[in-house]
Every structure is written in C-alpha cells, then in structure tokens.
Amino acid sequence: MRDTRRASAVVLTTTAALTAVLVAGPAAPAATATEKPAPKKPTASAAAPAVPALVAKGGYAMDDGSTRTLFTKAADTRRSTGSTTKIMTARVVLNSKKLDLNAKVTIQKAYSDYIVDRSASSSRLIVGDKVTVRQLLYGLMLPSGCDAAYALADTFGTGSTRAARVTSFVGQMNTAAKGLGLKNTHFDSFDGLGNGANYSTPRDLTNLASSAMKNTTFRTIVQTKSTKQKVTTKSGGYRYMSWTNTDKLLGTYPGAIGVKTGSGPQSGYCLVFAATRAGRTVIGTVLASPSETARTTDAKKVLDYAFATPAK
C-alpha cells in the first residue's frame, strides 16, 4: 500500500514538471562570451553634415561620377568669371581638329602690349620666342597668362586679320558653351578681361570643368604645381620659362587635382576646384569671394562637406 502511494506521487510530480516545460517552452541558451551587442543605429547628425556657410556670393559642387548635386548657393546666378574663363579657352584649343600640341607659335609684340595695356596677369612670354601649343597651355593655366591666351586665340581662330581670328575664337567658345548646355554662360573675351558680357554661374562653370577634366592633357596641366619649360628663342637658342600654379589648393588640400583661379574688379575672387578621394571625385566652384584667402577657405569648406556627404 505504501509503495502504491509512493509510485502515484512520483507519477504526479513527473507529469507536473513535463506540463510546465510544454507551457513555458524550452529555456533560451546561455549567452556565450563571443556574442556582441547589436550595433547602434547612426544618428541623423552623423549621416548629414552641417551645410557650410560661405563668404563667396555663389557656390556649387557635384559628384563628378554621378553628377549628383552636393552643395548650392546662388548656383544659377550669373556673375563675372575672371580668369576661370580660361578653362573654356583651353577646352576649345584641346578640341580643335588636327591639334598638334608640339606645333610652335611665334610670340608677337601684340601679345606683350596687350598685357601691359590691360595690366593683365602674364606668363612673361618673350617677343620672338617660339613656344609650343602645349607650353602655351601651361602658361595659360598655371600663372594665368593673358598673353598665352591671346597667342592661343590668334592661332586657333580663323580669319585674315588678328582681330578676325580673335573674334572667331571667342565665337568657338560660345558655340562650345551652347553644346554643353551652359544656358547661363557667355564669353566676350578669350581670357575673362571682357567688356561686360563675360559671365557664367557656379553650376555652369562646374559642368564646364567636368567636361574639360575628361581630357588627359588638360587634367595633367591643371594639377601641376609648377613647371620649367624649355622654349626656343628668336636667335635659335633656348631659354627656360618657370611657371607656378595660382591654385593654392594644390599641395594643401588632400586629393586636390585643379582646376582654375580667377580674379578681377567685377568678378572678385573665384575658384573652380576638384579633388579625388578613394576613387570619388568632387568638382565645384565658388564665385565672388572677397579675397584670395577667402576663396580657398570657401572651397575647402565645400569639399569637406561634399566628401562627408554619403555617396548614393
């Protein structure tokens, strides 16, 4: 009788325990030492950097690969462009038919007189020297030589007189602008020293630079900090011309690869810039900064912001 009661108690205890397991479900396995807590989701501030405030009156930047807009400030307002005009000067030359970069151009007195009369930036070309087209492009883009710009316009324009050839070349610049869809851009000079009808916008200049940077020669020239070029003198000897790039981003901003400075009474201080990091290229423009230092600072702000903006 005792054994029977004892057996019944065991059965009841076992049944209750089994019922508890079935109701509660199996126990969760103990955490191991290698398990890590779930990562925290990024905050909105980490994903969206603060938009920079510029002293320049206009600015624009885009991802060169996707053409996605990364920054804007009065991006479509027309303004005087100063020597950033020379981006188009170089592009027209580099897209000329039967281009020979090693062809020699004789420097004329008219080019020298022009920079003296206009107090223009100079590559210090010497009358009578024979300078290659490639060298003129370095003189155009590094020290921003208006004499080099004049020589190129005179060489690559068409017509029986110098005036006609210059007019023809400026016409080619405007035709190229139209072909690129630069609706807010117009040139009335080969170097930016215009007569009131030389203008563009931050967006248009950025798109122009993007197009020009696809040319290997242009890209090589504009990222050159300094160069020494051997040119032929009038007497058949040679001299060396040394040119330094006016773009202060080169060598001071990581990944900077160009493009062109500009300045003047109407334009203020301008800069079209480009930089590459981890295979990503950002191209942009700031127009009408109050000083050379301000335009460089503004460009760095825009680049920092652009690279901090996640790529899509």
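Which residue stands opposite T276 in strand 11? The residue is T281. The model discussed here is predicted.

Strand 10 covers residues 268-277. Seven of its ten residues are buried, so the rest of the structure largely encloses strand 10. Strand 9 (residues 256-264) runs antiparallel to strand 10, and eight bridges join them. The link between strand 9 and strand 10 is a hairpin of three residues.

On strand 11 (residues 280-289), strand 10 again pairs in the antiparallel sense, over eight bridges. The hairpin of strand 10 and strand 11 has two residues between the strands. In that hairpin, A278 takes a positive phi near 50°.

**The largest pocket**

The largest pocket holds about 500 Å³ of space. Its lining counts 31 residues, and G82, S83, L193, S263 and G264 are the closest to the centre. Strand 9 and helix 10 (292-308) are the elements that give two or more residues to this lining. The largest share, five residues, comes from strand 9. By class, the lining of the largest pocket divides into 18 polar, eight nonpolar and five charged residues.

**Aromatic pairs**

The count of aromatic pairs comes to six.

F71 belongs to strand 2 (residues 69-73) and Y305 to helix 10, so their pair ties together parts that are 234 residues apart in sequence. Both F71 and Y305 are buried.

The pair of Y114 and F190 also links distant parts of the chain, 76 residues apart. Y114 lies in helix 4 (residues 109-118). F190 lies in the loop between helix 7 (162-179) and strand 6 (199-200). Y114 counts as buried because its relative accessibility is 14%. F190, at 6%, counts as buried too. Y114 and F190 form one aromatic cluster with Y111 and Y150.

**Charges over rings**

Two lysines come next. K230 lies over the face of Y238, at 4.1 Å from the ring centre. The charged end of K228 sits over the ring of Y240, 5.9 Å from its centre.

Key: Residues are numbered from 1 along each chain as its sequence is written. This is a predicted model: local features need pLDDT of at least 70, side-chain atom pairs count only at pLDDT 80 or more; totals for chains, interfaces and linings use all residues. Side-chain values use heavy atoms; hydrogens and water are left out. Buried means under 20% relative accessible area, exposed over 50%, partly exposed in between (1.4 Å probe, protein chains only). Helices (H or I, at least four residues) and strands (E, at least two) are DSSP runs, numbered from the N terminus. Two strands pair if DSSP finds at least two bridges between them. On a 1 Å grid over the protein atoms alone, a cavity is a set of points where a 1.4 Å probe fits but cannot get out, and a pocket is an open set with protein on both sides within 12 Å along at least five of seven lines; lining residues have an atom within 4 Å of a point. Grid points are joined across faces, edges and corners, and a volume is the space filled by probe spheres set on the points. Ala, Val, Leu, Ile, Met, Phe, Trp, Tyr, Cys and Pro count as nonpolar, Asp, Glu, Lys and Arg as charged, and the others, Gly among them, as polar. Rings of Phe, Tyr and Trp (its six-membered ring) pair if their centres lie within 6.5 Å; planes under 30 degrees apart count as stacked, over 60 as edge-to-face and the rest as tilted. A charge sits over a ring if NZ of Lys or CZ of Arg is within 6 Å of the ring centre and within 35 degrees of the ring normal.
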